[in-house]
Amino acid sequence: MSKVVTILGSTGSIGTQALDVVDMQGYEVLALTANSCVDKMENQIRKYKPKYAALVDEKAAGELKVKVSDTGTKILSGMDGVCECASLSADYVLNSIVGMAGLEPTISVLNAGNKLALANKETLVTGGKIVTELAKEKGIKILPVDSEHSAIFQSLQGCRNFSEVKRLILTASGGPFFGKKKSELADITVEQALNHPNWSMGAKITIDSATMMNKGLELIEAVWLFDMKPDNIDIVVHRQSVVHSLVEYCDNSVIAQLGVPDMRIPIQYALTYPDRIPSPVKQLSLTDYGTLTFDKPDYETFGLINVCRAAINEGGLKPACANAANEEANLAFRQGKIKFTQIEELVRSAVELACQKSDYTLSDIHDACKWASDFVKSKI
Ligand code: NDP
Ligand code: MG
């Protein structure tokens, strides 16, 4: 059945793979948004003919408007334009924006009563309480796109009573520096950190995978998505990225979702849920892999996982601060301004020093994120 979809962050890694799914399923595209990528957006507009497109960057939006003036697509600009696209009535809105910039559009999707397919994990890390409460109030199920959370969501499909679930187990690839010790990470280059063994992803999440902050963010994401206590979420390193995550039930039976590492499976499942339809993704051949391995994470070397665990255990504004500090430090590393190991040091200090509030509003979250970003900038 043809569906109408909007893709926020359509020019990125997840966004373009989502458009592959759209191509295969013949869905109609209502709106597309990005930050500043004029050429990619122009190509997408010509191919998908959306009614609306938005770029956050005003100058880029102006350029785009001139370039596509021969099309019927209305060009919007700024974060208001993105939120307007998020609010248009669609069958599904996929949020694949990178970073906490995705929070406001997520809120717009939910306020408009649209179904939300969520790749933007920073939305839940930053504003998990506000977002999940709003989704509940609106009666909207958030459909996870992150592969681990999709795996858990899929492994929960046969579960009639959530109180039967004992533990969630998130798998982690371990990133490019698996097996290395902290002393070996000091002189890591940006190029080395961007060389992920299993997944091809945007630059920010690839660095987060190298520091394993990504798994810390995913732990917090799982807490909010599945209403699970952090202590009941474990992490195992699984180098092959075939077992995408697991659910342990009260009888110690464990159900997992497996597949080749290809994000088009979780993207498609979020857009077709509760149905499954054929996909061009390669079949899984377990005998081609032969061996699947499972290791304990090295929390000494990849300390950011436990920084995130402590932040979500403490709750309040700490997870938002961890995320904001990481976004700033991750960018500074990519720009060559700090060493790889400083990312962890800066995020750890920001979380320790940040002010805390257990009862908070969206405006408190914005203030806390600004404080954490400014803190990291001041140390660079
Ligand atoms: P990319 O960097 O590849 O793409 C990000 C998209 O967001 C682009 O369309 C970009 O536009 C847009 N964007 C960037 N900054 C802003 C902003 N300030 N406001 C609005 N839009 C913005 O990221 P990924 O696709 O890799 O990741 C997207 C999200 O999905 C992240 O939260 C990530 O953690 C999550 N995710 C990604 C996976 C992957 O395989 N890539 C796997 C699991 C989760 P422009 O091109 O103009 O800059
Ligand atoms: Mg993931």
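Tutor: With metal donors, which are N, O and S atoms within 2.8 Å of the metal (3.2 Å for Na, K and Ca); water is not among the atoms, so sites may look incomplete. Here the donors of the magnesium ion (ligand 2) follow the spacing D-x1-E-x69-E along the chain. This is a predicted model, in which local features need pLDDT of at least 70 and side-chain atom pairs count only at pLDDT 80 or more, while totals for chains, interfaces and linings use all residues. Residues are numbered from 1 along each chain as its sequence is written, chains are lettered from A and ligands numbered from 1 in the order in which they are written, and side-chain values use heavy atoms, with hydrogens and water left out.

Student: Which residues coordinate the magnesium ion (ligand 2)?

Tutor: Asp 146 (OD), Glu 148 (OE) and Glu 218 (OE) do, at 2.1 to 2.2 Å.

Student: Are Asp 146 and Glu 148 buried or exposed?

Tutor: Buried means under 20% relative accessible area, exposed over 50%, and partly exposed in between (1.4 Å probe, protein chains only). Asp 146 has 8% relative accessibility, so it counts as buried. Glu 148 is buried too, with a relative accessible area of 8%.

Student: How should I read a salt bridge, and how many does the whole structure have?

Tutor: Side chains of opposite charge can pair when their charged atoms come close. The term means a side-chain nitrogen of Lys or Arg within 4 Å of a carboxyl oxygen of Asp or Glu. A search of the whole structure finds 24 salt bridges. In one of them, the side chains of Lys 121 and Glu 218 meet at 2.9 Å, N to O. Lys 121 lies in helix 6 and Glu 218 in helix 10 (residues 213-226), so this pair ties together parts that are 97 residues apart in sequence. Helices (H or I, at least four residues) and strands (E, at least two) are DSSP runs, numbered from the N terminus. Lys 121 is buried at 4% relative accessibility, and Glu 218 is buried at 1%.

Student: Where does the salt bridge of Arg 167 and Asp 234 sit?

Tutor: The closest N and O atoms of Arg 167 and Asp 234 are 2.6 Å apart. The pair links distant parts of the chain, with Arg 167 in strand 8 (residues 165-172) and Asp 234 in strand 9 (residues 233-237), 67 residues apart. Arg 167 is partly exposed at 24% relative accessible area, as is Asp 234 at 27%.

Student: Which polar contacts does ligand 1 have with Ser 13, Ile 14 and Glu 122?

Tutor: A polar contact is a pair of N or O atoms within 3.5 Å; within protein, one must be able to donate a hydrogen and the other to accept it, and residues adjacent in sequence count only if both atoms are side-chain atoms. A polar backbone atom of Ser 13 is 2.8 Å from an oxygen atom of ligand 1. For a backbone N or O atom of Ile 14, the distance to an oxygen atom of ligand 1 is 2.9 Å. Glu 122 places a polar side-chain atom 2.6 Å from an oxygen atom of ligand 1.
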